Amino acid sequence: MIEKVENKRIRLLINIFLAAIFVAVIVLLDTKKIGDDYIRRVLNLTAIYTIVSVSMNLVNGFTGLFSLGQAGFMAIGAYTVALFTVPLQVRPNVFYMVPQNPIIAQIELPFAIALILGGLLAALAAILIGIPVLRLKSDYLAIATLGFSEIIRIVCTNAKSITNGALGIKSIPEMPTMWVFFGVAIISVIIIYLLINSSYGRAFKAIREDEIAAEAMGINLFKHKVMSFAIGAFFAGIGGGLLASLLATVDPRQFYFTVTYNFLLIIVLGGMGSISGTVIASFLVTAGLEVLRFFDEPLTLFGVNIPVFRPGFRMVIFSLLLMVLVLFFRNGLLGQKELSWKVIHNWFNRRGKKKTGKGGVA
Amino acid sequence: MKRKLSLLISLLMVLSLITACGQSQDSGTASADEDVIKIGVFEPLTGENGGGGLQELGGIQYANKMYPEVLGKKIELVVVDNKTDKGEAANAVTRLIEKDKVVAIIGSYGSGVSIAAGDIIKNAQIPAMGASCTNPMVTQGNPFYFRACFLDPFQGRVMANYAIEQGAKTAAVIMQNGDDYSVGLGNFFINAFKELTGDENSIVDVSEFQVNDTDFNAILTNIKAKNPDVIFAPSSATTAPLIIKQARALGIKSLIMGGDTWENPAIIDVAGEDAEGIVLSTFFDENDPATEEAKKFVEGYKKELAGKEPIIPAVAALGYDAYLLIRDAIERAGSTDGVAIRDALRETKDFEGVTGIINFTEEGDADKNIAVIKTVENGQFVYIDTVVVK
């Protein structure tokens with residue numbers, strides 16, 4: 001018993017230590033002591049992908065609603081940030097074809113407010129669309145939400161006096177620090193983690209496992225579904241807003257429904273119903289794609305130019321890796337578990353057990 | 001077994017991360033000693049615009065083959081793929097600047113990705129040369145972004161001019177909704193046409209269609225009722241033949257015109273006889289090279305393309321020019337400093353490119369004075385006129 005308490009304390013210390021290292025690395029990166037803009041940019045993108053993926057996992061993985069509307073909610077967040085943060089004096093240059101709507105053309109908001117507004121508008125849209133659509137189940141829900149996300153994109157394309165249509169918007173102010181992205185990512189993950197472990201979260205999971213049983217236990221199905229959907233949309237909107245500021249430009253083509261598949265890929269890879277799995281998978285997919293650029297560069301081995309190493313080859317390798325991962329991890333990297341010392345311990349133990357069969361000691 | 005394999009995969013990924021970082025750092029320092037000047041190329045080689053990106057890359061690589069050296073050093077092209085995705089484009093360009101330490105950048109096909117890369121290029125003070133990105137916002141307010149192609153306002157004006165010369169009094173415009181190229185060009189045509197005719201009502205109809213639409217009968221029936229003298233329909237080479245065919249099938253006799261994307265054999269293949277008489281503007285004509293450089297290029301690149309593509313894509317010619325412009329600027333600057341190259345680019349005077357004589361405007365756009373107008377006769381693109389606009 002005492003040993004267990006000791007163990008717990010050590011683990012806590014290690015956890016704190018690891019968190020400190022993480023913060024220290026980001027601080028060092030942020031103050032440009034280590035790394036370069038390339039690494040910073042990839043990591044920022046990872047943070048944004050984490051926010052959107054975790055929000056999608058809340059809806060798809062924890063509540064069991066197969067929604068594909070993430071790109072639409074991101075678009076709402078991204079456009080809100082874009083519309084309200086572009087400095088007033090450059091707006092006429094951006095809206096050179098069709099002048100911006102005179103009411104919006106007068107408004108400039110600080111980034112933080114525009115970001116939250118973007119999230120709230122996304123959540124509002126989610127509630128409006130959720131009320132009719134969340135009556136549907138499985139495939140039908142997926143189709144309806146996919147359609148919704150396309151509607152948002154087409155509205156962005158056609159509302160020229162507001163969104164500048166197909167030309168897109170540029171000159172969105174850039175953020176001076178990585179903490180904007182990492183801070184928001186950490187806060188979002190913590191909020192969703194706390195939510196999932198609250199009574200609401202348990203209700204979400206109950207709905208995922210069995211709707212009828214959940215209803216029988218007195219859970220208001222509809223209320224909880226809309227809630228999960230709206231919270232997911234809120235964070236997707238926030239993620240979209242951050243993406244707009246990272247890239248400094250938005251246009252409707254950025255939010256094709258295919259974007260949603262990136263996030264779907266991440267949550268399936270990380271495990272539907274695992275936050276830590278999603279975080280790990282976001283990193284693997286975003287940073288992994290950059291790492292694989294190695295395959296796009298020409299390679300000369302022993303004086304022979306290997307012909308397959310050419311631009312585009314990395315996507316082949318990436319798909320192969322995905323196939324292997326999905327083949328060997330049917331439920332994603334972590335399934336419905338969260339990454340903890342116990343999981344790591346068990347993982348190595350099981351490995352050890354297999355080894356003991358061959359004479360090794362765990 | 002599974003666990004071992006998965007462990008192996010994750011190990012591999014981590015290792016490749018480390019080696020990738022380590023390697024490029026090595027090469028970064030090595031290139032300073034070696035006699036290599038690196039020029040970055042970022043193009044969409046996969047994804048939606050993969051085809052166009054590859055055509056453009058072909059032109060750039062051919063230029064590199066023809067002119068491999070500058071300042072007595074070898075030029076090395078570092079090609080990165082931007083997947084037709086803005087996030088990837090931003091990453092790719094940052095990688096070129098930070099990891100590969102390129103002195104200049106060429107690209108990209110498609111304006112959206114170029115705009116996404118714009119601010120990074122500006123902050124890093126690395127000059128960039130767009131080949132075929134026509135959206136005015138690419139170079140606007142960005143002293144480091146230049147481009148080798150003429151702009152949509154110019155092209156729109158050329159076509160409006162031509163239409164009026166042919167005696168047109170009214171026009172209808174068909175644009176692809178959501179496509180910045182099509183909408184931009186269409187709008188500039190409308191403005192120019194109204195200005196030149198001095199008649200606000202000279203544009204009788206403006207219609208937009210959606211991506212992947214295949215049935216244009218509703219739009220065309222509407223246009224037929226208004227009976228315009230010309231129909232201007234800037235659109236992709238997959239959509240254009242459908243519009244042309246359906247217009248002729250409805251009995252519309254108006255002159256049908258398009259932009260540079262129409263110079264594609266696919267249009268004649270699909271539209272067949274209906275393509276006869278359509279008019280389009282383009283950057284250059286391989287049968288009537290504008291400059292000495294163009295003659296050399298057409299001859300050489302034709303051989304290079306033999307068996308792959310029937311005609312030289314205009315974007316390849318632009319890619320070729322983009323490379324030459326950068327190389328010329330490095331040569332005149334006499335250094336690989338970003339600001340020096342930028343200043344040299346600004347001072348580019350009457351540069352003899354494949355696509356005409358090139359100067360740069362204040363914004364960094366190619367100030368070309370020529371556009372080539374072509375038509376289709378007996379299933380062939382035929383040169384009509386080279387329009388010189390002052």
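In chain B, B:Ile39 stands opposite B:Ala104 in β4(B). The model is predicted: local features need pLDDT of at least 70, side-chain atom pairs count only at pLDDT 80 or more, and totals for chains, interfaces and linings use all residues. Residues are numbered from 1 along each chain as its sequence is written, while chains are lettered from A and ligands numbered from 1 in the order in which they are written.

Helices (H or I, at least four residues) and strands (E, at least two) are DSSP runs, numbered from the N terminus. Two strands pair if DSSP finds at least two bridges between them.

Strand β1 of chain B covers residues 36-43 and is mostly covered, with 7 of its 8 residues buried. A residue is called buried if 20 or more other C-beta atoms lie within 10 Å of its own, exposed if 12 or fewer, and partly exposed in between, with C-beta atoms placed from the backbone.

Which strands does β1(B) join? One is β3 (residues 73-81) of chain B, which runs parallel to β1(B) and is joined to it by 8 bridges. There, B:Gly40 stands opposite B:Val78. Another is β4 (residues 104-106) of chain B, also parallel, with 3 bridges to β1(B).

These strands belong to an open sheet of 6 strands with mixed pairing, in the order β2-β3-β1-β4-β5-β6. Its edge strands are β2 (69-70) and β6 (145-147) of chain B, each pairing on one side only. Strand β5 (residues 128-130) of chain B pairs with β6(B) in the parallel sense over 3 bridges, and B:Met129 stands opposite B:Phe146 in that pair.

## A second sheet in chain B

Chain B also has an open sheet of 7 strands, again with mixed pairing, in the order β8-β7-β9-β10-β11-β14-β15. The edge strands here are β8 (203-209) and β15 (380-388) of chain B, and each pairs on one side only. From one strand to the next, the twist averages 25°; for such angles, axes are lines fitted to C-alpha atoms (for helices over the stretch in contact), and angles run from 0 to 180 degrees between N-to-C directions.

Inside this sheet, β9 (residues 230-232) and β10 (residues 255-258) of chain B run parallel and are joined by 3 bridges. B:Phe232 faces B:Met257 across that pair, standing opposite the latter in β10(B). Strand β14 (residues 370-377) of chain B pairs with β15(B) in the antiparallel sense over 8 bridges, and B:Val376 stands opposite B:Phe381. β14(B) and β15(B) form a hairpin with 2 residues between them, and B:Asn378 in the turn has a positive phi of about 45°.

Here are some of the strand pairs of chain B side by side.

| Strand pair | Sense | Bridges |
|---|---|---|
| β1(B) and β3(B) | parallel | 8 bridges |
| β1(B) and β4(B) | parallel | 3 bridges |
| β5(B) and β6(B) | parallel | 3 bridges |
| β9(B) and β10(B) | parallel | 3 bridges |
| β14(B) and β15(B) | antiparallel | 8 bridges |

## Chain B as a whole

Stepping back, chain B holds 12 helices and 15 strands. Its radius of gyration is 22 Å, close to the 21 Å that the globule rule gives for 390 residues, so chain B is as compact as a globular protein of that length. The radius is taken over C-alpha atoms, and the globule rule is 2.2 Å times the number of residues to the power 0.38. Along its principal axes, the C-alpha trace of chain B spans about 65 × 60 × 40 Å. Buried residues make up 54% of the 390 residues.

## Where the chains meet

The contact takes 38 residues from chain A and 38 residues from chain B; two residues are in contact if their C-beta atoms, placed from the backbone, lie within 7 Å. On the side of chain A that touches chain B, the elements giving two or more residues are α2 (37-62), α6 (138-158), α13 (275-291) and α14 (313-328) of chain A. The largest share, 5 residues, comes from α2(A).
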